Amino acid sequence: MKSRSTLTTWLSELDRSRLARVLTLRKDAASAPEPRSVGELADRLQRPGSVALVLPQLALPCLQAAEALAALGARATRDSFAELLGSTSPAAVHALDATLEALSDRALVWHDGDGALRMSTPLRQAWSTPLGLDAPLEELLAGITSEELRGILTVLGVKAPGTKQQRLAALLEHHSAAERVAALVAGAPAATRKLLEESARSTPRQSPFVGFGAPGRDLQPGARWALDRGLLFQDRHRYGPVRMPVEVALALRGPDWHAPFDPLPPLPQLVPVTSSEVEREAAAAAGAFAARAASVLSACATAPPARLKSGGIGARELARLGKVAQAEDAVVRIALETAYAAGLLARDGDRVLPTEAYDTWAEQEPAEQLAVLLRAWRDLPLTPTRARDEDDKSLPALAGAPACGGCLQARHGLFTAAAGLPAGQGVKVASELGPLVAWHRPLADDASPEDTAPFGTVIREGELLGVLARGALSPLGAHLAAHADEELDSTALRLLPPATTTARIGADLTAVVTGTPSARLSALLDSTADRETSGTASVWRFSAGSVRRALDAGRTPDGIAADLAGSSATALPQPLTYLIADTARGHGRVRIAPAACVIHGDEPALLAELAAHRALAKLALRQLAPTVLVSGSPPATTLAAIRAAGYAPVAETAGGTVRIEKQLPRRAAAVPPPRGQVGRRGPRNTATRASDLPTDTGMDVLADRLLKALPTAPEPDPFGSGVPFATDTEEIVAGYAKHLSYSDVRQVAHAIDTGTAITVEYVAASGNRTVRTLSDLQLDPPCLDAWCHLREAERVFTLSRIHGVMPA
């Protein structure tokens, strides 16, 4: 019978449905161009990068079984594999078969025709020391000579056969019996036994250093006895510790030691829940999120949030959006990240603006809006509500961080864990889903510092979105996990009520909207009133300021009243109509006109002539009174134009007196005295001056001095104070530290020159402000090397990011 030892042969003997399942589960193979043959498919599955895409999707027992199989090596059989895992009972054997079936469905492990278990080469290479074990004996014997094999067999008391292959087989057969190896070690010297027992239970260390010469000169005590008997081996090409074969390590660990294998998921505490309870809670959470997300994006459309210089939306802008939309930080972050992923928001310079797709989305029903954001959340390669990093610093939203595959797997693991709960049951506490997520996706990312329980952040996100409700997976979550987009849309429409188009306006000048207000109603109330609360019911309050804001936007009193009456469930209350009329009566009684300067005189006819003069039309003169004109041009331009037209105006000061236009003679500033030296580490490096050169200086000397001078001369006296810089250090620091005053520049320069410590206010690249005490300062424009007392380490600080200086 032909052996099925290769992946190509095994794939070729699968039936059509099984091969289709392999392609479905191995998305890395299905996403590439269609393979033209089974051999091409096998080659694609054997690429190193293919396993990296599959491993994060495996459950804990699959990873444990794969690691155990990698430890056994190419000589693994079904029986030795089950014995290593301790899966000998009928229930354990059934669980092991299911695990092997799952690995086989992904073309990671398959049965050889000779009864051996084979695994994909990239999967075997995923662990350098699986189970803390080194390579199998056959691999460690790859470079051994026939004479060395004869010596080992002779010491073991085994008659050495004639050929190298026979000697190799004899040594493999001797060490494959765990009882024989254990008895051999029991008779070893005490130092050898101690060394072997420690090596069997510790992870082998791999030395990366290649050496030359004879190894074994610095062996540990007792190692020579084990080396002579093939219990330990030393790589002749590398320096490093001796290596123990897998067979010897497993024999010394004893028959009671088994590789970890957890085929059953953890059992959380469950409580009965009905489908109606789950749907009701999911609908409430999803509706509240949809309403607040719409408010967040509406706030972005009204006042686009500014981006930090380092990228992303900082904590200040997030707090502003949350205050305007009456939403917590987690909801604001989810709304921004999902809207950006769905194409509703886009970066535009230093702002984040809505796109044209947002206008279409804003006109949709809440259920349709929710479905768009849910699909974006499902595929987000990050955890949107993660607000702090490992150093407990605030993280911006929309920062463009690298994709996090572990974050995506955590979300998919949540779907799988919740979907696996018994029907009609939910976890008593939502946090108990965390261990289940870790079992279904052991390689998922759980690095959020805010979590007090495993995967607490992603579980909280699921509850906010209505994906989880009452500790169970809601219908929204089930359709989301199955990528059933049409079912998701229909379920969202069934659970979420349509947008509310009318409000109840009371005599207390409030407008109450139950449910999610429509886009038109929200825009109307936002323009004429101030939003106080959002959620299941939203409340707006009318005031003189809010009505004045609508009038300033070009609305008329009658138009405001008509629009509110058309959107009110009842007639407009009398206090509101009085408020609109009273505000409109005083609106515009005082007007503010733009003017660059004022022209006035005692002769109305002359001013009327100026206003009508065609040559002065470019000044945009406007007559406010018989003796007062305003000009749209600055005073100097207006004065020159009127004089060019043949008139004789005079200029006034701010106090109303005539300004004397006397030209004072210009003189050069006095030459400052010589400056001090830069720093304490060397002589001052100054630019070459013509007066410093002797009269007979040649071009070679001049070139040498120019090369030793500063590459660019710093701008002198940028503060305009008339005070010359005392040292070149001050001049250099001032050229880069644009946020510092002259006194702060002098403090920094003094600290550099004298070696004293200072305290600075520093703005990091993330936008966070910190106060640092620095010492041992070294100037390296445009940076400053210093010892940071906050981090207790050497740090590099950019001079332009220093915003304040204080004595240490």
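This is a predicted model: local features need pLDDT of at least 70, side-chain atom pairs count only at pLDDT 80 or more; totals for chains, interfaces and linings use all residues.
Let's start with the cysteines. The structure holds one disulfide, and the partners are C404 and C407, with an S to S distance of 2.4 Å. The torsion about their S-S bond is about 80°, so this disulfide is right-handed. C407 is buried, at 8% relative accessible area.

Now for the backbone. Most residues other than glycine have a negative phi, and most peptide bonds are trans. Against that background, take a look at the bond between P781 and P782: it is cis, with omega about 5°. P782 sits in the loop that links β17 (769-780) to β18 (783-788).

L398 has a positive phi, near 55°, and so does A620, also near 55°. L398 belongs to the loop between α21 (366-378) and α22 (405-419), while A620 is found in the loop between α31 (604-612) and β14 (622-625).

| Residue | Relative accessibility | Class |
|---|---|---|
| L398 | 3% | buried |
| A620 | 49% | partly exposed |

Last stop, helix α4, which spans residues 38-45 and has L41, A42, R44 and L45 buried. These four cover an arc of only 160° around the axis, so they lie on the same side of α4.

Conventions. Residues are numbered from 1 along each chain as its sequence is written. Side-chain values use heavy atoms; hydrogens and water are left out. Buried means under 20% relative accessible area, exposed over 50%, partly exposed in between (1.4 Å probe, protein chains only). Helices (H or I, at least four residues) and strands (E, at least two) are DSSP runs, numbered from the N terminus. The arc is that of the directions from the helix axis to the C-beta atoms. A disulfide is a pair of cysteine sulfur atoms within 2.5 Å.
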